[in-house]
Amino acid sequence: MSPAGLKRPPEAESPSRIRERGAVGAVLLTIRAAAAQVVAFVGMLVLAHLLSPTALGRVAFGLTVVTVGNFFADGGLGAALIRRAGHPAVDELRALLAFQLLLASVIALGVAAVGYRAGTTGAVTAIMVCSLPLLALRAPHAIALERALEYRPIASIELAESVVFYGWAIATVLAGWGIWGVASAAVARSLVGSVLMTVASPLQVITPRLTRGTLRSMLGFGIGFQAVGLAALARNQGVNLVVVALGGERMLGYWSLANRLMQVPFWVFQALWRVSYPTIARLRALGESTRPTVERFARVTALASGAMLAPLAASAHFLVPALFGTDWAPAADPLPWASAGLLVAGPISVAAAGYLYSEKDVRTPLIATVINGAVWIALTAVLLRPMGLVAVGVAWMLASWTEAVIFSRALWRAHVAVERVILVPVAVTFACAVLAYALQTPLSNPLVQGIASASIAVAAYAALNLAFNRADLIATVRRVLSLP
């Protein structure tokens, strides 16, 4: 990137500084993403009381289309620029912006034209896809921040987006807009987020300019990276389609809530995955050994995720109906099984993905994601009718374990073994969830019983980690406390 494209010059990089920024970024994204998930949880709680499961199912469909559209508009070019040793040139950022803005506009117009002729669900989707061009505007600025490992503004902006989305949605639903208020909230969120990202970026204002030669130089790694994302997208939306095809919009509404609740622990994996790739790539560009960093990411992920998955698995069947109403009780069924899957696969995938991408290996993540999706979708289709919504959680668990085996084998070939690093926190989490479930006593208030089960799981988790995993626990707590 030329100096003319910057608001301020980049600071000198060193391995120790990169590790420090990566560690701080992981903590920042985790903590502030936790705050965003609290906002999302409260917002979902309010909307579940204001809208029917069918209405939320329609919103879930619209969000699915927006996710798919944003994925195709991205093109994987940003990942190629993040991985580079040198800063991208201004012309490359202009070409990236032009490419994504063009694709996003075409997709939005096409979906809107079809949606307005496809009933209420189509009209809701048509409004929500108007957010795609707004999302494209932030691309160069997000790349600049991630390359610099500047995650403080990114985390703050994502929290602000969550507040805007749910604040706008709830206010407009209460004002009488109904489902249309939630649809318009997607546009409001994208507009606010893109403006804030542009202001926070070290770049000056970037204007789009499409240059085919410049785009071709970014497409090699980008296409492979995007293929992995496409497989993940097909997997997630394939599960949604199977649920709605076999169970209807109401079951999709239940699954939408369950999936939203699983985002509470899932943001730990998302935050650490986002930081692991650019951190390891920057270290590798400086010729540093990345094995200790890979193991550190696996260790921290296992420790942090267990603290949330154990209480979630133990209390889900009490807290979901207590907080959202008895009509939403089926949404709790997949949660314990999904938690068991994420507990094992999450730390391994976080460590493996960042390392493999830094090694230009997109083939292994692609294979792992495709097999994960095939197992999850197939088992959901087979088990959904006889087992109900719990089938989605069981399928998620088995698919996650399968993916973990594939990633582990890839790391073994690179002489990196993360299984021994995560063994203790994973075993402790399973033990705490089982213990909390075994100690449950019938109480008249399901909310109190859910809180009691979660509290037992958390207390047991802290005690067992102090006994068997003290060094990792203390190191993680010190990192949080030393956050500037």
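Glu 161 is buried, at a relative accessible area of 11%. Here buried means under 20% relative accessible area, exposed over 50%, and partly exposed in between (1.4 Å probe, protein chains only). Arg 138 is also buried, at 12%.

This is a predicted model: local features need pLDDT of at least 70, side-chain atom pairs count only at pLDDT 80 or more, and totals for chains, interfaces and linings use all residues. Residues are numbered from 1 along each chain as its sequence is written, and side-chain values use heavy atoms, without hydrogens and water.

**Salt bridges**

A salt bridge puts a side-chain nitrogen of Lys or Arg within 4 Å of a carboxyl oxygen of Asp or Glu. By this rule there are 2 salt bridges.

| Salt bridge | Closest N and O atoms |
|---|---|
| Arg 138 with Glu 161 | 2.8 Å |
| Asp 327 with Arg 250 | 2.6 Å |

Arg 138 sits in the loop between α6 (132–136) and α7 (139–147), while Glu 161 is in helix α8 (residues 151–174), 23 residues apart. Helices are DSSP runs (H or I, at least four residues), numbered from the N terminus.

Asp 327 forms a salt bridge with Arg 250. Asp 327 lies in the loop between α11 (291–324) and α12 (335–358) and Arg 250 in helix α10 (residues 212–285), so the pair ties together parts 77 residues apart in sequence. Asp 327 is partly exposed, at 38% relative accessibility. Arg 250 is partly exposed too, at 38%.

Methods: Helices (H or I, at least four residues) and strands (E, at least two) are DSSP runs, numbered from the N terminus.
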